[in-house]
Amino acid sequence: KTIVIATKNQGKAREYRKMFKAKGINVKTLNDFDNPPKIKETGHSFAENAMIKAKAVVNWLHIPSLADDSGLEVHSINNEPGIYSARYAGDHDDAANKKKLLKRLAGHQDRSATFVTCLVLLKPNGKKLIVDGKLNGEILKTPRGYNGFGYDPLFYVPSKHQTLAEMTTNQKDAISHRGIAARKMMKHFDEWWQD
Ligand code: ITT
């Protein structure tokens, strides 16, 4: 069983590789291919963008694909950066994105936020499975921890007294938006995989 994850994001790839390994499923990403298609995320929601990515890969390779569209919604600033999380300040410039977020939040009392992941599994015959996952937390004023990726050092989980970047991969998976969505997906995976 092989699945192609419609992603170039190494952080996401690492997290999925681990989860799928436990199921005996072989994972490839767009980084494993020469000249992958340039995918424009023109949707207006995580679900639309995930579907755009999954379709692009299925149409290109004609094998099953999983797409993950995710991001951070910070409540006091109209759920920014949301679907623009990867390109908030600069395209995939994590340092600039985090800096912009801290600047936007300066002076705001409410620093609550939600991480969101939408997953779309799609087969060449059109059979699809769509799930999502969420994690609530708070945006710190200064980063803490070096694990994970993206906004993890700023995302504090009160019940764990840690940021996502202070957790091990296993600890993050156990509670994260992506872990929650992935476990929902795995529940229905075998049924989806058939025919
Ligand atoms: P692909 O589209 O190639 O999968 P991407 O990084 O562009 O990779 P998205 O469009 O879904 O993916 O943007 C997700 C961004 O949201 C990501 O780049 C991070 O900035 C942020 N993000 C998502 N999940 C995160 C997590 O678990 N921890 C920290 N930041 C996360």
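**Close-up views of a predicted model**

**View 1. Asp-69 in strand S3.** Asp-69 is part of strand S3 in this predicted model. The UniProt annotation "active site", taken from an unreviewed entry, covers Asp-69. Asp-69 counts as buried because 27 C-beta neighbours lie inside 10 Å, and the cut-off for a buried residue is 20 or more. Apart from neighbours within four places in sequence, Asp-69 is in contact with Phe-46, Asn-49, Ala-50, Lys-53 and Cys-118.

**View 2. The shell around the ligand.** The ligand is surrounded by 22 residues. The closest of them are Thr-7, Asn-9, Ser-85, Ala-86 and Gly-150. Strand S3, which spans residues 65-74, gives the most to this shell, contributing five residues. By residue type, the shell around the ligand consists of nine polar, seven charged and six nonpolar residues.

**View 3. Helix H3 and its buried face.** Helix H3 runs through residues 94-105 and has twelve residues. From its first C-alpha to its last, H3 reaches 17 Å, close to the 16 Å expected at 1.5 Å a residue. Asn-97, Leu-101 and Leu-105 are the buried residues of H3. Seen down the axis of H3, these buried residues fall within an arc of 60 degrees and therefore line one face of the helix. On the other side of H3, Ala-95 and Lys-103 are exposed.

**View 4. The surroundings of helix H3.** Gly-107 follows H3 and has a positive phi, near 85 degrees.

Definitions and conventions: Residues numbered from 1 in each chain as written. Predicted model: local features only at pLDDT ≥ 70, side-chain atom pairs only at ≥ 80, totals over all residues. Near = placed C-beta within 6 Å. Helix = DSSP H or I, 4+ residues; strand = E, 2+ residues; numbered from the N terminus. Nonpolar A, V, L, I, M, F, W, Y, C, P; charged D, E, K, R; others polar. UniProt positions renumbered as here; feature names shortened; annotations may be inferred. Buried ≥ 20, exposed ≤ 12 C-beta atoms within 10 Å, placed from the backbone. Contact = placed C-beta atoms within 7 Å. Expected span 1.5 Å × (residues − 1). Arc of directions from axis to C-beta.
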